[in-house]
Amino acid sequence: MNILFVTARPLEINTSSTIRNRAYINGFLQLGHKVVILSIDADTNHNHFEKLDIALKKEIKQIKISQGNMGKIKSVARS
């Protein structure tokens, strides 16, 4: 199955929600699914920034949206 995993918080920011999301993604991969992650770019200066371990896996494609473009997405959603 092809799965688009959409998250508002970058997976590189180490919080309880991203730890859970990483577990979901790893579970999908272990079951043989293809995963595409859609999220915003992580701030590498964030105090909880951690290099993403699952980003090195071939089964994952990541689509990153710069935080500067988030306003455009919100305005489209409201229309």
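**View 1. Surroundings of phenylalanine 5 in the predicted model.** In this predicted model, phenylalanine 5 touches Asn21, Tyr24, Ile25, Phe28, Val35, Val36, Ile37 and Leu38, with residues up to four places away in sequence not counted. The bridge partner of phenylalanine 5 in E2 is isoleucine 37. Within E1, Phe5 belongs to the covered face together with Ile3, whereas Asn2, Leu4 and Val6 make up the uncovered face. Phe5 is also one of the seven residues of the largest nonpolar core.

**View 2. The largest nonpolar core.** Which residues form the largest nonpolar core? Its seven members are Phe5, Leu11, Ile25, Leu29, Val35, Ile37 and Ile60. Helix H1, spanning 16-30, and strand E2, spanning 34-40, each contribute at least two residues to this core. Across the protein of 79 residues, 28% count as buried.

**View 3. The open sheet.** Three strands in the order E1-E2-E3 form an open sheet with parallel pairing. Why is one side of strand E1 and of strand E3 left without a neighbour in the sheet? Strand E1 (2-6) and strand E3 (60-65) stand at the edges and have a single partner strand each, so one side of each lacks a neighbour in the sheet. From one strand to the next, the twist averages 20°.

**View 4. Strand pairing and bridge partners.** Strands of a sheet are paired through backbone hydrogen bonds, in either a parallel or an antiparallel manner. The parallel pairing of E1 with E2 extends over five bridges, and that of E2 with E3 over six bridges.

**View 5. Helix H1 against the strands.** Helix H1 lies across E1, E2 and E3 and runs at about 175° to E1. Together, E1, H1 and E2 make a β-α-β unit that is right-handed. This unit is set in a protein with two helices and three strands, whose pattern along the sequence is β-α-β-β-α.

**View 6. Threonine 18 in helix H1.** Apart from neighbours within four places in sequence, threonine 18 is in contact with Arg9, Pro10, Leu11 and Ile13. Of these, Leu11 is among the residues of the largest nonpolar core.

**View 7. Asparagine 21 in helix H1.** Asparagine 21 is placed in helix H1. With a relative accessible area of 10%, asparagine 21 is buried. Which residues does asparagine 21 contact, leaving aside its neighbours within four places in sequence? The contacts of asparagine 21 are Phe5, Thr7 and Leu11. Phe5 and Leu11 are both among the members of the largest nonpolar core.

**View 8. Isoleucine 40 and leucine 11.** Isoleucine 40 is found in strand E2. Its relative accessible area is 13%, and isoleucine 40 is therefore buried. From C-alpha to C-alpha, isoleucine 40 and leucine 11 are 9.0 Å apart in space, while 29 residues apart in sequence. Over the protein, among contacts between residues at least 6 apart in sequence, 72% join residues at least 24 apart.

Key:
Residues numbered from 1 in each chain as written. Predicted model: local features only at pLDDT ≥ 70, side-chain atom pairs only at ≥ 80, totals over all residues. Heavy atoms only, no water. Helix = DSSP H or I, 4+ residues; strand = E, 2+ residues; numbered from the N terminus. Buried < 20%, exposed > 50% of the residue type's maximum accessible area, 1.4 Å probe, protein only. Contact = heavy atoms within 4.5 Å. Core = buried A, V, L, I, M, F, W, Y, C linked by side-chain atoms within 4.5 Å. Pairing = 2+ DSSP bridges. Axes fitted to C-alpha atoms, helices over the stretch in contact; angles between N-to-C directions. Right-handed = clockwise from strand over helix to strand, strands pointing away.
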